[in-house]
Structures are given as C-alpha cells and as structure tokens.
Amino acid sequence: MTEEGGEAPARVVVADDQTVVREGIVMLLGLLPGVEVVGAAGDGEEAVRLVAELAPDVVLMDLRMPRCDGVEATRRIRAEHPGTQVVVLTTYADDESLFPALTAGARGYLTKDAGGDEIVRAVRSVLSGDAGLSPSIQRRLLERLSESEPRPGGPQEPPDGLTTRETEVLVLIAEGLNNQQIASRLHVSTATVKTHINNLFAKTGLKDRAQAVRYAYGKGLVPPPRG
C-alpha cells in the first residue's frame, strides 16, 4: 500500500526477547507514518525465519536474545537475505556490542530510548543508503576508530585510484553527512553524489558507510575527533 505522498511504507520486522519491549515498539511504530510492522520475533532464530518468510525492508534487532543473539542473526540475514537491512535497537551503547553488530552487517544502530521519529529516520536512512547511526553512537564509532587505526602524518594521495572528488565524498561520509548534505556541501546533485559513492565503493571494495568510515580512518583521510 502506498501512502499519500506516493512513497510505500517501509516493511519492518521487530526482534526483541522482552515481550513488553517488543509489543511497545510495535505499538509505537504502528502510530507513525512511513512504517508498516509486518512481523515480530522473540529471538534471533525467529527473526531469521520471519525475514525468509516475509522479506521485510528492515529488521529492528535487539542484540541480547536467547538461542541466536542479534549479532549472529544479523550476520545470517545479511548473508542470506541481502535485500533486508538491519538496524540495531538495544539498551547497550557500549563498544562490545556496537562493533560486532556493525561487522555483522548492521547499517543502523539506535538505543532503546530513541523516539519514534528517530527510529523512522534511521529506517529511512538505511533504505536510502545512508548509515542510520544516532549522533552519540557515531561519535563512539569515530573515537574507537581514531584510537585503533594508525594514521600516517601529512597529506595523502587519494588511495586505490580514487579521484579527488571521490575522496572528498568519502571524507564527508566519514564526517557523518548524508547524501543530501554532501550534495549541498559540494554544490552538486544527489544523483551525482550517488554516482561518486558507487564508484568509490567499487574501487575500494566497500559495501556500506560503516566500512567507509573505517576505511577513511585507516587511510589517514580523516583527522581524529576532538573532545
């Protein structure tokens, strides 16, 4: 079904082992435009099964669940059903849960105190190819990468055959800008930005923006965050 604006709602599966939390999220999303909840799972195994059965656009995935945790469920979903994106929705904003989830293929990461509008924005962001990371999570990610990745000093030549413009786009991705913001910053169209992103991903072998952030830090293209 298409909404008034002509854009079909995002089809979402909610996975959380706590019944009250799961039903609360389902109820909350049911009140918001732009999202249609098509299923709810009580553990990772059920989440994987529902994805295979329902082919949702996005799974909102808790990390701490029995039988199959959210990280393993994310890994299986992204491997077996690449058309479904995963947004982690969890109580924990610690590095121990964040990095395994991103490595497993999660494209967004929100804590459970996020409001309904913030969840919808994250869902829409991952469907448009952006990273649906809350500001606090993105800051932790950048801090972690700045600590763990060596950065050679001095100006660097564009790596892996990237053009100067592709490198500029990569740096802006690492700074947390979405496609529209990058287009505005560089005074080009969003279609041009998407073309640059597709080209730089093809040259570097990157699959998503979380990997792009790590790559930009590893190549010394982005300075460490301050504060």
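Let's start with burial. Of the 227 residues in the protein, 46% are buried, where buried means under 20% relative accessible area, exposed means over 50%, and partly exposed lies in between, with a 1.4 Å probe and protein chains only. A word on the source: this is a predicted model, in which local features need pLDDT of at least 70, side-chain atom pairs count only at pLDDT 80 or more, and totals for chains, interfaces and linings use all residues. Residues are numbered from 1 along each chain as its sequence is written, and side-chain values use heavy atoms, with hydrogens and water left out.

Now the overall make-up. The protein has ten helices and six strands. Those are DSSP runs, numbered from the N terminus: helices are H or I with at least four residues, strands are E with at least two. Contact here means heavy atoms within 4.5 Å. Take contacts between residues at least 6 apart in sequence: 64% of them join residues at least 24 apart.

On to strand 4, residues 85-90. How many of its residues are buried? Six of the six, so strand 4 is largely enclosed by the rest of the structure. Look at the two faces. Gln85, Val87 and Leu89 point one way. Val86, Val88 and Thr90 point the other way.

What flanks strand 4? Strands pair if DSSP finds at least two bridges between them. Strand 3, residues 58-61, runs parallel to strand 4, and four bridges join them. Met61 stands opposite Val88 there. Strand 5, residues 108-111, is also parallel to strand 4, again with four bridges. In that pairing, Leu89 has Leu110 as its bridge partner. Strand 5 has two buried faces of its own: Gly108 and Leu110 point one way, Tyr109 and Thr111 the other.

Next, the connection. Strand 3, helix 3 (residues 70-80) and strand 4 form a right-handed β-α-β unit. Right-handed means that, with the strands pointing away from the viewer, the path from the first strand over the helix to the second runs clockwise.

Two residues in the loop of that unit deserve a look. Asp62 sits between strand 3 and helix 3. Buried or exposed? Asp62 is buried, at 4% relative accessible area. Leaving out residues up to four places away in sequence, Asp62 touches Ala15, Asp16, Asp17, Gly70, Leu89, Thr90 and Lys112. Leu89 and Thr90 are buried residues of strand 4.

Arg67 lies in the loop between strand 3 and helix 3 too. Arg67 is exposed, with a relative accessible area of 68%. Its phi is positive, about 65 degrees, although Arg67 is not a glycine. Most residues other than glycine have a negative phi.

His187 is another case, with a positive phi near 60 degrees. Find His187 in the loop between helix 8 (179-186) and helix 9. His187 counts as exposed, at 73% relative accessibility.

That brings us to helix 9, residues 190-204, and its packing on helix 7, residues 164-174. The angle is about 95 degrees, and the axes are 9 Å apart. Axes are lines fitted to C-alpha atoms, for helices over the stretch in contact, and angles run from 0 to 180 degrees between N-to-C directions. Helices 7 and 9 are therefore roughly perpendicular; angles under 35 degrees count as roughly parallel, over 145 as roughly antiparallel, 65 to 115 as roughly perpendicular and the rest as oblique.

Who meets whom? Helix 7 brings Arg165, Glu166, Val169, Leu170 and Ile173, and helix 9 brings His196, Ile197, Asn199, Leu200 and Lys203. By class, this contact has five nonpolar, two polar and three charged residues. Nonpolar covers Ala, Val, Leu, Ile, Met, Phe, Trp, Tyr, Cys and Pro; charged covers Asp, Glu, Lys and Arg; the others, Gly among them, are polar.
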